[in-house]
Every structure is written in C-alpha cells, then in structure tokens.
Amino acid sequence: MTSKTREEQELELSTEFVLSEPRAREFLWWVLSQCNVYGAPHVVNGETGIHIGRRIIGVTIIDQLNHVNPTAYAEMMIEAHNRAEKRKREENVSTPDDE
C-alpha cells in the first residue's frame, strides 16, 4: 500500500471542498462542458490538438472527482439537468398581456 504524498492529500481536500459547495460544483460543471469530454474533436483550421487537450483536461478532472467521490460527477450531472429544467420552466412562464 502506497502512502499519499502531501500534494495528493491537499488535492483531495481541495476537491472535497469544491464538491461541498453548490456554486463551485456549478462552475466546475461549466468548465467540464467547455472541455467537450464526450464530443468528437472538431477539425477546424488545425485546432484538433486544442480540442484533444481540452478533452484530456476534462477527463483528468472527472478522474479526480471519481477518486474522491465516485458519485460526484453523476450528482453534478443531475444538478445541471435540474438547473436547465428550472430555467426552461421559468422561460415558459407566461406573462400577463398589457391589454
């Protein structure tokens, strides 16, 4: 059994802190969405490497989340879905006509 380095321990504590804060999870979800983890790399003007790099960063973050809390990513996905549904409901609320 290997012991964790101080850096690994501090990263785990930081990850736990981020996961404990709703706003931090929302921001992290946005960062992950920018990484396009599940999308295919786009071939646009030779920027494929940039897209692959973003994906690698996203996968690395998800791996860290799963290491600290195996259900965290799924919980963040549910929270994002609920936020989107709430926004959709709020946008569909009809306003009274000025008749």
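## W30 in its helix

W30 lies in helix α2; helices (H or I, at least four residues) and strands (E, at least two) are DSSP runs, numbered from the N terminus. This is a predicted model, in which local features need pLDDT of at least 70 and side-chain atom pairs count only at pLDDT 80 or more, while totals for chains, interfaces and linings use all residues. Residues are numbered from 1 along each chain as its sequence is written, and side-chain values use heavy atoms, with hydrogens and water left out.

Along the chain, W30 and K88 are 58 residues apart, and 18 Å separates their C-alpha atoms.

## The chain as a whole

Let's step back to the overall layout. The chain has four helices and zero strands, so from the N terminus on its elements run α-α-α-α. Its C-alpha atoms fill a box of roughly 75 × 40 × 15 Å, taken along the principal axes.

The radius of gyration of the chain is 18 Å, whereas a compact globule of 99 residues would have one near 13 Å. That radius is taken over C-alpha atoms, and the globule rule is 2.2 Å times the number of residues to the power 0.38. Of the 99 residues, 19% count as buried.

In soluble globular proteins, nonpolar side chains tend to be buried together. Here the largest nonpolar core has twelve residues: L19, L28, W29, L32, C35, V37, I62, L65, A72, Y73, M76 and A80. The elements giving two or more residues to this core are α2 (22-35), α3 (48-68) and α4 (72-92). Such a core is a set of buried Ala, Val, Leu, Ile, Met, Phe, Trp, Tyr and Cys residues joined through side-chain atoms within 4.5 Å.

Not counting residues up to four places away in sequence, V37 touches L32, R55, G58, V59 and I62, where contact means heavy atoms within 4.5 Å.

## H51 and its contacts

Now find H51, which sits in helix α3. H51 is buried because its relative accessible area is 17%. Which residues is H51 in contact with, leaving aside its neighbours within four places in sequence? They are P41 and H42.

Notes:
Buried < 20%, exposed > 50% of the residue type's maximum accessible area, 1.4 Å probe, protein only.
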